[in-house]
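Let's talk through this fold together, one question at a time. Have a look at the chain first, then we'll dig in.

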Amino acid sequence: MVHLTRRKKSNGTFVWSAESYREFCVTFLAANKIDISGKYNYQFGIFNGTSLRWIYEMYRFYHLSPEKILAFDSFEGLPEEQEGIPRLSGHSKGAYNVKAIENYKKDSPHQIIDKIKATLPDNLISIDWHIGFFEQILTESFMDTNPRPAFWVDIDVDLYISTIQVLDFMLRKHLIVPSTIVSFDDWGATEEYKGGESLAWKEMCEKYSVSAKEIHCNRQGTDCQIVYIVDSIG
Ligand SMILES: C[S@@+](CC[C@H](N)C(=O)[O-])C[C@H]1O[C@@H](n2cnc3c(N)ncnc32)[C@H](O)[C@@H]1O
């Protein structure tokens, strides 16, 4: 059964909710019976775990069993954007610091993670947590954990600099491969290809000669989420 999230507008028509691109990704995997064995789901940008829980529930709904979800966040909010690159005013340094939420004020990252885990319906899908700023954790010591290539990389990190760090590492280390799905939550945060996730994707596709097909786009005004599937690299 295909179950997609829609929001009813006052004029009676429906639009896809922002969360629907993640629902699209899991539905795409299930409907096309894509072989996800031996590969991982990389989630960049966890905050208080809302989207992670959503994705987890979707996997359970479709009886999909990824070997691992890898969850990455500083849990300290956004870093500074690269100088000269535009960003949304709300995407300033420290935005999305989980500790700004009353319920998490005194928590360490491990306590935040325990609270997120407690909201998941079960613990049947293994999640590896990687705490820290991407430039500090996407290193050779991460490679020592023997990471597998991604069947899906979900990027919800708001900024150009963070997206570049993720994509450059994932492509350099051959963790994004042909058939990897790459999704972006904040594609519309800046004018397309002038900043943010869209500019980072364009530059990294050029640097690594990535050819990818757009398979989903949810655009509502300036808000936009987009999903690609990689055809070939190099
Ligand atoms: C918009 S929030 C993610 C929201 C989450 N996906 C959800 O929908 O529930 C963006 C997250 O990305 C993280 N982030 C952005 N850039 C980062 C970086 N360079 N290193 C580590 N974490 C980063 C922030 O800490 C923040 O929690």
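Q: How many residues sit between β8 and β9 in their hairpin?
A: Keep in mind that this is a predicted model. In the turn, G221 has a positive phi of about 65°.

Q: Which residue in β9 stands opposite A212?
A: β8 and β9 (residues 223-233) run antiparallel, and ten bridges join them. Follow that pairing to A212 and, across in β9, you land on V230.

Q: Which strands are the edge strands of the open sheet?
A: Seven strands make up this open sheet, with mixed pairing, and the order goes β5-β4-β3-β6-β7-β9-β8. On average, neighbouring strands are turned by 15° against each other, direction ignored. An edge strand pairs on one side only, and that picks out β5 (127-131) and β8 (210-220).

Q: What angle does the direction of helix α7 make with that of β8?
A: Helix α7 covers residues 196-207 and packs on the sheet. Its contacts there are with β6 (150-155), β7 (181-184) and β8. Taken against the direction of β8, the direction of α7 makes an angle of about 165°.

Q: Which residues is A150 in contact with, leaving aside its neighbours within four places in sequence?
A: A150 is among the residues with the most contacts inside the largest nonpolar core. Once those sequence neighbours are set aside, the list for A150 reads K39, Y40, N41, Y42, M170, L175, I176 and T180.

Q: What radius of gyration does the chain have, and why does it agree with a compact globule?
A: The C-alpha atoms fill a box of roughly 45 × 40 × 40 Å along the principal axes. Buried residues make up 36% of the chain. A compact globule of 234 residues would have a radius of gyration near 17 Å, so the chain agrees with its own value of 17 Å.

Technical notes: Residues are numbered from 1 along each chain as its sequence is written. This is a predicted model: local features need pLDDT of at least 70, side-chain atom pairs count only at pLDDT 80 or more; totals for chains, interfaces and linings use all residues. Two strands pair if DSSP finds at least two bridges between them. Helices (H or I, at least four residues) and strands (E, at least two) are DSSP runs, numbered from the N terminus. Axes are lines fitted to C-alpha atoms, for helices over the stretch in contact, and angles run from 0 to 180 degrees between N-to-C directions. Two residues are in contact if their C-beta atoms, placed from the backbone, lie within 7 Å. The radius of gyration is taken over C-alpha atoms; the globule rule is 2.2 Å times the number of residues to the power 0.38. A residue is buried if 20 or more other C-beta atoms lie within 10 Å of its own, exposed if 12 or fewer, and partly exposed in between; C-beta atoms are placed from the backbone. A nonpolar core is a set of buried Ala, Val, Leu, Ile, Met, Phe, Trp, Tyr and Cys residues joined through C-beta atoms within 7 Å.
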